Amino acid sequence: MEVVAACGQHSISIPVASYKPSSSSSSSSLPCHLPATRRILIFTAVASYLQQLTPIPSAIAQQFDETQQEEDRVVRLFEETSPSVVFIKDLEIINNPKTSDEVVMVDNDKAKVEGTGSGFIWDKFGHIVTNYHVVEKLATDQLGKQICKVFLVDKYGNSLSRDGKIVGVDPPSDLAVLKVDIEGIDVKPVDIGSARKLNVGQSCYAIGNPYGYENTLTTGVVSGLGREIPSPNGGAIRGAIQTDAAINSGNSGGPLLDSHGHVIGVNTATFTRKGSGMSSGVNFAIPIDTVVKTVPCLIVYGTAYRDRF
């Protein structure tokens, strides 16, 4: 005879050669009067087979644990790097604001918010790296009407607001350096990485202030390398990093990070193509290697190295 054990759509037949069922026994169930040793062997075989059909609980637990570990890693990355990211507001002093203007008070003067952007703390001396187009109006102001407010936190998480002063700009690379007064304040500069060994498919993370929502994290991958994008002065920025991590208005100037929390680029542009009622954006960042070459010259000389010769 054969005893049939079923699990869902699967079944197995286990031969029981020496057993002859009585007329009252069911052919589909294990006889209760089989010798104990034989019943144990049958149940062991059935259990072993069914274990192969069912996901192993330890494997499920391991997968859940790996997912939790990855989430915890991203949370730690954000918590460790977000204090290095600043929120920048471009303001214009005005006498008669319109009703539609977003107006703030600055030293008893009314100021209109003209734009927002992001940046990151470069060093412990208060230098802030951002995009040139974020502070272009301040950099080209001839009437003294433009001001810049930088919102940041110290290493203990205390929120601060400081005036940002232009130190140097480089329109061809869309980079600028601001300086804020942080005397007596401990700040956390970013950790600098490199874009030279990036690979398409690597995870990346953008932190910034899209549409004024401070400390926003978006995630994605490196979608392309060596791209060419237009610069504010009409030239071309070469070697740009393409990513699908969302970079929206207000993200410009913020850092693009790798999985270790190192800055690999400066978020700078989103090109959107509309069609069929849908819109899709392609996002780009200036590689950090370009930033590392440019920023020291902007801090010391106010211009990029190429402009000095």
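Residues are numbered from 1 along each chain as its sequence is written, and side-chain values rest on heavy atoms, with hydrogens and water left out. As the model is predicted, local features need pLDDT of at least 70 and side-chain atom pairs count only at pLDDT 80 or more, while totals for chains, interfaces and linings use all residues.

Secondary structure follows DSSP runs numbered from the N terminus (helices, H or I, at least four residues; strands, E, at least two). Strands are taken to pair if DSSP finds at least two bridges between them. S10 runs antiparallel to strand S6 (residues 127-130), with 4 bridges joining the two, and antiparallel to strand S9 (residues 165-170), with 5 bridges. Val177 in S10 stands opposite Val129 and also opposite Gly168. In the hairpin of S9 and S10, 4 residues lie between the strands, and Asp174 takes a positive phi near 55°.

Pro255 belongs to strand S15 (residues 255-257) and counts as buried because its relative accessibility is 1%. Its C-alpha atom is separated by 9.3 Å from that of Ser84, 171 residues apart along the chain. With contact defined as heavy atoms within 4.5 Å, and residues up to four places away in sequence not counted, Pro255 touches Val85, Phe120, Tyr205, Ala206, Ile207, Val263, Gly265 and Asn267.

Asn251 is found in the loop between strand S14 (236-243) and S15. Asn251 is buried, with a relative accessible area of 1%. Leaving aside neighbours within four places in sequence, the contacts of Asn251 are Ser118, Ile207, Gly208, Asn209, Pro210, Ala246 and Asn267. Thr81, in helix H2 (residues 57-81), counts as buried at 12% relative accessibility. Under the exclusion of neighbours within four places, Thr81 is in contact with Ile207, Leu257 and Gly261.

Aromatic pairs were assigned to rings of Phe, Tyr and Trp (its six-membered ring) whose centres lie within 6.5 Å; planes under 30 degrees apart count as stacked, over 60 as edge-to-face and the rest as tilted. By this rule the count comes to 1 aromatic pair. The pair is formed by Phe87 and Phe151 and is tilted, with 5.9 Å centre to centre and 35° between the planes. Because Phe87 lies in strand S3 (residues 85-93) and Phe151 in strand S7 (residues 146-153), the pair ties together parts that are 64 residues apart in sequence. Phe87 is buried at 5% relative accessibility, whereas Phe151 is partly exposed at 27%.

The largest pocket holds about 210 Å³ of space. A pocket is an open set of points on a 1 Å grid over the protein atoms alone, with protein on both sides within 12 Å along at least five of seven lines, and its lining residues have an atom within 4 Å of a point. Of the 14 lining residues, Leu152, Val153, Ser159, Glu214 and Asn215 are the closest to the centre of the largest pocket. S3, S7 and strand S8 (159-163) each give two or more residues to this lining. The lining divides into 8 nonpolar, 5 polar and 1 charged residues, where Ala, Val, Leu, Ile, Met, Phe, Trp, Tyr, Cys and Pro count as nonpolar, Asp, Glu, Lys and Arg as charged, and the others, Gly among them, as polar.

Key. Buried < 20%, exposed > 50% of the residue type's maximum accessible area, 1.4 Å probe, protein only. 1 Å grid on protein atoms, 1.4 Å probe; cavity = no way out; pocket = protein on both sides within 12 Å on 5 of 7 lines; lining within 4 Å. Points joined across faces, edges and corners; volume = space filled by probe spheres on them.
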